[in-house]
Amino acid sequence: MSFAPRLSVRGMRGIMKDIKALIFALGLSIASLGGSPGLFAAAVDDLVAAAKKENAFEFYAPSTLTPQGAQALGAAFNKKYGLSIKLQYNPSGNMTRDIGKLVGLAASGTPPEWDLMVVTDAHHATLWLKKLHQTFDYKSLGVDAKAIQFDNGAVSFANQFVLPAYNKQLVAPKDAPKSWDDLLNPKWKGKIGVSSATHHFGRLAAGPWGEEKTTQFVNALTKQDLILGRLGEIYNRLLLGEIVVAVSLSDSEIKSETNKGAPVVHAEAVSPLLAPAYHAGVPKNAAHPKVAHLFAAFLTTPDAQKIWEKFAGQSSTLIPGTTAYKYVQGKKVVYLSQDQAETVDRLSREYGKIFGFTSL
Amino acid sequence: MSTATQVGALGRAVDLKGHGVGLFAGGLTALLVLMIGVPLAMVALMSLRTGFPGEGGPLTLANFIAVYSNPGTYKVLLNTLLFATGTVLVTLVFAVPMVWLLMRTDLPLKGTIYVLMTVGILIPVFLRTIAWILLLSPRIGLVNQWARQIFGMTEPLLSLYNIPGMAFIQGVSFVPPAFFMLAAAYRTMDPALEEAAYTAGVSKLQTFLRINVPITLPAIAGVMVYLFMTALAVFEVPAIIGFPARILVLSSLIYTSTNPPTGLPNYGVAGAYGAVMLAAGLILAYFYVRLVQHGKKYTVITGRGYRPREIALGRWKWPALAFVMLYLSMEVFIPFLVLLWASLLPHLQLPSATAFAEMSFKHYRSIAEYVGVLPLINTAILMFAVPTGTMILSVLVSWVVVRTQVNFRGSLDTIAFLPHAVPGILLAVGLGYLGLAYRNYFPVYGTIAIIVIAHTINWIAYGTRTTNGVMIQVHRELEEAGKVSGASTPTVLWRIVLPLVAAGIFNSWIWISMLSYREVTMALALGTRKNLVVSTIVWQFWGNGWVPQVAALGVVLVLFAVLVIGGLKIGFRRLGEFGSGS
């Protein structure tokens, strides 16, 4: 019986062990943060008291969460901890660009614009490599060490799923891509788009495919007269039918509350499935770090998970019983580990240049 | 203390110094040099450094070597040249005939056309571009779909994703500014030559082509140079139409170097690209000045109180109106209908029975949640502060240039004109670098103030051209009379000169306010979460996939604009031609 997704890259046995432990730990953290008196109550109380003084925070999160989703999260957070914190939602239009901006601001000594950033593990990897996380002992709040990523820099709480996607009004399911290599079929030439989320390919390179095969694949894709854009733009163009296939699209776009009923679907037959994790982390010199750390831990609670799934469409593959957990059963899934961060960071830039997102 | 008393006190102080005017002019010159020179110095500095702002490090030519040893750069330069040239041509094809029709003929519905042209300015170019995608995309564009159905074509009839397509969209959006710039030349043209042509039996079209166009050629050439410089710097159409198809121009490279879609910002490379843009701007500015000076030799405007006769279009009235309506359809009606359509749907889609069944007003109800109040407040600040700051500086500069004998007044005029040569995106990147690298001395990065400063610098050339023009028209006798009665110089300026030129200043104020509202390139380059404005919200929402939400916002803004502009048009008719800015 399998309790965790199949992993394609690392030693299966060790990873399975890690994930089982993580499932247990996450469950534990959820129980403790859920308000029951326990080992971590004092630390939570202290942080709540400190958060109360900060009174507000800037929350950077995917645009697919929507303002309504962010509002619901804020209300649940305040209710849970008896706070009246003002949450200012900053929807992401381009995580890579905003991470780059944050790195630039940090170099000049300018404080970050956001207090808590929910971005993918690949983006947090960039912050980690640049030592730009404001670390916190999340374990003291009941979040298990294995759910805590990048040396106490971020907390993992949900997973996206990334696959090629198509417009089902324009492509019959039988004609949809069945593998990643199908995207190289000349029939898609001029009708296919790729987003600036090039870390998707970095994951394949750091994982099951290796760098050489992935780079060949990326180069071959450029022969397909790709339409370029940010994730939201590529989604819009797919929706309109300007392109009929997107090389990779996350379920954030497909499952978002605002996009329900749209004719864009994943090419489910394609394998491996990429599973970028959403991590919540506090950038160094954030103006309201206490609220931000508390909120990061809050995102792992059942209340927050329910809201996140309702509005943004994701849950964690690590928690048995969640939609994400059920979905990955029997699938070949690619996760990102901390030791792959540097490779993914480097290759994301390199593939960005190959696709034409940047010139130099 | 009343304003008049304050002005009087200041005036006495200035006059008492003896060299007060000279000192004042010197201070003003220093201020402008600082405002314009520092951002440009930052561009130069960043082009000679690697790394992030504030990191310091040795000066190097590495960025220039990287940029100009890359063959792709020359393709980008060619793209930029073709795009800017095409844009100018498209603009003139529509703007010149329209100026003639509205200024010199008895075309019906002129008042309505003015209002609609102004409304067109207020529809963000991003939204209009999305409308054009729905019409002319090779795969889904309605025009191409109809062409396939009617003519059985297998290939798309038209495509936007090429330089002509980009130039067409950008060119159409430039028509209102070109129109208002050319309006003055056509409005005051001596009709004697036209009448001579008609008497000789020359048709109206021939007269337009052989009399009106040649007479106003210097003015048209001036506008061409101005538009070319603007087209070098614009970002919207290259971003939505060019970038997805990998058609890069200089502005998109500078933007993506500082706001990269993948990887980290590279300010040095942006500076190296900017150097060529700046050089092009300075060369064009030189030609612009030459053209404007040359144009004065062709002046055929008669004296005070002159009013040219309107030409009767006769049977050409309705075809002429159809031409104007064709333009307005492209500029206003179709984009507005597309906005309305998109705003009523759950997600962006082409017209179909299913789409009609799914229509609702839910996105209108959620505008406040999606947009928030801050971008609206910031936009209001921008629309007030930018024209106010620009016109105050412009009036002061023009007063020194036109009304005083300060010996360096010519230099002051040239300095005030310099921002015309600096592409907006470069100005913004320079200011952004300044704000980041020297934030302790210039603590405005991330605030609305930095966008206000960028816009003010950018439009000071336009403002001073306007105020120079109106101030020349005020006879010195009035000021001399004021001085004889014992009024100080500032009092004369405040109590006599300003009231006389108020109408022209107000027109320019309104015009700059509208330009500031719709400007997106500089606002995006300097944008952060705290200084979001309506124009940047549109770009952000498109990237987020929130097109129906932003379409609803667009519809509300357009309706609001129609009401405000209509009201202003009626209320201030007495102050002169609204929005002419000339």
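Reader: Which residues of α10(B) meet α11(B)?

Author: This is a predicted model, and in it L193(B), E194(B), A197(B) and Y198(B) of α10(B) meet T207(B), I211(B), N212(B) and I215(B) of α11(B). By class, this contact has 5 nonpolar, 2 polar and 1 charged residues.

Reader: And at what angle do the axes of those helices cross?

Author: The axes of α10 (residues 192-199) and α11 (residues 204-215) of chain B come within 10 Å and cross at roughly 165°, which makes α10(B) roughly antiparallel to α11(B). The crossing is right-handed.

Reader: Switching to chain A, what is the order of the strands in the open sheet?

Author: The 6 strands of that open sheet in chain A follow the order β3-β2-β4-β13-β6-β5, with mixed pairing. Because β3 and β5 (148-149) of chain A stand at the edges with a single partner strand each, one side of each is left without a neighbour in the sheet.

Reader: How many bridges join β4 to β13 there?

Author: There are 4 bridges between β4 (residues 116-120) and β13 (residues 277-281) of chain A, and these strands run antiparallel. As one example, T120(A) has Y278(A) in β13(A) as its bridge partner.

Reader: Then the chains themselves: how many residues does each give to the contact?

Author: Chain A gives 45 residues and chain B gives 48 residues. On the side of chain A that touches chain B, α4(A) gives the most, with 7 residues, and the residues of that side divide into 12 nonpolar, 24 polar and 9 charged.

Methods. Residues are numbered from 1 along each chain as its sequence is written. Chains are lettered from A and ligands numbered from 1 in the order in which they are written. This is a predicted model: local features need pLDDT of at least 70, side-chain atom pairs count only at pLDDT 80 or more; totals for chains, interfaces and linings use all residues. Two residues are in contact if their C-beta atoms, placed from the backbone, lie within 7 Å. Helices (H or I, at least four residues) and strands (E, at least two) are DSSP runs, numbered from the N terminus. Ala, Val, Leu, Ile, Met, Phe, Trp, Tyr, Cys and Pro count as nonpolar, Asp, Glu, Lys and Arg as charged, and the others, Gly among them, as polar. Two strands pair if DSSP finds at least two bridges between them. Axes are lines fitted to C-alpha atoms, for helices over the stretch in contact, and angles run from 0 to 180 degrees between N-to-C directions. Angles under 35 degrees count as roughly parallel, over 145 as roughly antiparallel, 65 to 115 as roughly perpendicular and the rest as oblique. A crossing is left-handed if the near helix is turned anticlockwise from the far one by less than a right angle, and right-handed if clockwise.
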